[in-house]
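Please consider the sequence and the structure shown below before reading on.

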Amino acid sequence: MPTRTSPAPLRRGIVKLWFALDAIVALAPPLYWAADGRTTQIAAIPAALFYFLAVSLCITTSLIVAYWLDAADEGSAA
């Protein structure tokens with residue numbers, strides 16, 4: 001009978017990579033937007049503001065997913 005391994009380590013690894021990507025993107029914004037003096041528009045808002053809104057949405061989503069996966073792992077261990 002084949003044994004099934006838990007997908008929890010793989011999910012944890014994916015969330016860790018997601019957190020690393022969040023950190024890189026949040027800590028290294030495209031500074032040239034501030035330096036060039038132009039206001040590029042994306043979806044009718046300045047590109048820099050759009051960038052920071054997108055990064056904050058990505059970070060918030062990763063935290064919510066990590067919370068849900070942690071709660072699911074606790075529930076399956078009980």
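The points that follow cover the fold, the surface and selected residues.

The structure is a predicted model, in which local features need pLDDT of at least 70 and side-chain atom pairs count only at pLDDT 80 or more, while totals for chains, interfaces and linings use all residues. Residues are numbered from 1 along each chain as its sequence is written, and side-chain values use heavy atoms, with hydrogens and water left out.

**Fold and surface totals**

- The protein chain has three helices and two strands; these are DSSP runs, with helices (H or I) of at least four residues and strands (E) of at least two, numbered from the N terminus.
- Read from the N terminus, the order of elements is α-α-β-β-α.
- Contacts (heavy atoms within 4.5 Å) between residues at least 6 apart in sequence join residues at least 24 apart in 65% of cases.
- The protein chain exposes about 6,300 Å², of which carbon and sulfur atoms supply 72%; accessible areas come from the Shrake-Rupley method with a 1.4 Å probe, and for residues only the protein chains shown count as cover.

**Asp22 in helix H1**

- Asp22 lies in helix H1, which spans residues 8–27.
- Asp22 is buried and has no salt bridge (a side-chain nitrogen of Lys or Arg within 4 Å of a carboxyl oxygen of Asp or Glu).
- Lys16 is the nearest side chain of opposite charge to Asp22, at 15 Å; Lys and Arg count as positive and Asp and Glu as negative, while His and the chain ends are not counted.
- Leaving aside residues up to four places away in sequence, Asp22 touches Cys58, Ile59 and Ser62.

**Aromatic pair**

- The structure holds one aromatic pair (ring centres of Phe, Tyr and Trp, the last by its six-membered ring, within 6.5 Å; planes under 30 degrees apart are stacked, over 60 edge-to-face and the rest tilted).
- Tyr51 and Phe52 form this edge-to-face pair, at 5.3 Å centre to centre and 80° between the planes.
- Tyr51 is buried at 17% relative accessible area, whereas Phe52 is partly exposed at 44%.

**Helix H3**

- Tyr67 belongs to helix H3, residues 47–77, and is exposed at 59% relative accessibility.
- Asp70 is also found in helix H3 and is partly exposed at 43% relative accessibility.
- Asp70 and Arg12 are 58 residues apart in sequence, with a C-alpha to C-alpha distance of 8.9 Å.

Definitions and conventions. Buried < 20%, exposed > 50% of the residue type's maximum accessible area, 1.4 Å probe, protein only.
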